[in-house]
Amino acid sequence: TSRPLTALGRLVRLGTASMVSESGGPFINVDRLDLRKYAARPSLAKALFDYILYHDHNPKKALELASLATVQANYEDWWWKERLGKCYYMLGLYREAEKQLASSIKTQPMVVAHLELAKVS
C-alpha cells in the first residue's frame, strides 16, 4: 500500500472519494458530494449541474447546486438564474420558474431564457 507523505494527501483522497465510481454504479455519486464546495468553483459547478440535470435526471439536486451557486455569484449571473427557472419548471413550480427566468432576462437578455419563459407563460 502506498501512503501519502503528508496529511494533505489524505484530504485529497477524502475529497475525491465521492468521485470514485463503482463497477456498474453511477459515474458520480451525487448524494455524497458537498455541493457548497463545487458551487464556489463556477466552471466546475456549471458542468456538474448539467451532469446532474441531464444525465442523472435529478432536478432537486440540480436545484440545490444552482441555488448555492447563485448565492456565490451574488445573484448576478444570468446563467444560474435561467437554470433555476429550468429546475423549477421541471419540478412543476411554474410561478417560481417564471420569476427566475424573468430575473435572468433582466440581468442579461438571452434567447434561451426567452424560450424557457415561453414554455411557462
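A: One definition to start: the expected span of a helix is 1.5 Å times one less than its number of residues. Note that this is a predicted model.

Q: What span should helix α6 have, and how far apart are its end C-alpha atoms?

A: Helix α6 covers residues 94-107, which is 14 residues, so it should span 20 Å. Its end C-alpha atoms are 20 Å apart, which agrees.

Q: Which residues of α6 are buried?

A: Ala97, Leu101, Ser104 and Ile105. These cover an arc of only 95 degrees around the axis, which puts them on the same side of α6.

Q: Why would residues three or four places apart point the same way?

A: Because an α-helix has 3.6 residues a turn.

Q: What do the buried residues of α6 pack against?

A: They pack against α5 (78-90) and α7 (111-120).

Q: And which exposed residues are on the face turned away from the buried side of α6?

A: That face carries Arg95, Lys99 and Lys106.

Q: Back to Ser104. What does Ser104 touch?

A: Leaving out residues up to four places away in sequence, Ser104 touches Trp78, Lys81, Glu82 and Ala113. Ser104 has a relative accessible area of 0%, so it is buried.

Q: What separates the C-alpha atoms of Glu96 and Leu84?

A: A distance of 8.7 Å, with Glu96 and Leu84 being 12 residues apart along the chain.

How values were computed:
Residues are numbered from 1 along each chain as its sequence is written. This is a predicted model: local features need pLDDT of at least 70, side-chain atom pairs count only at pLDDT 80 or more; totals for chains, interfaces and linings use all residues. Side-chain values use heavy atoms; hydrogens and water are left out. Helices (H or I, at least four residues) and strands (E, at least two) are DSSP runs, numbered from the N terminus. Buried means under 20% relative accessible area, exposed over 50%, partly exposed in between (1.4 Å probe, protein chains only). The arc is that of the directions from the helix axis to the C-beta atoms. Contact means heavy atoms within 4.5 Å.
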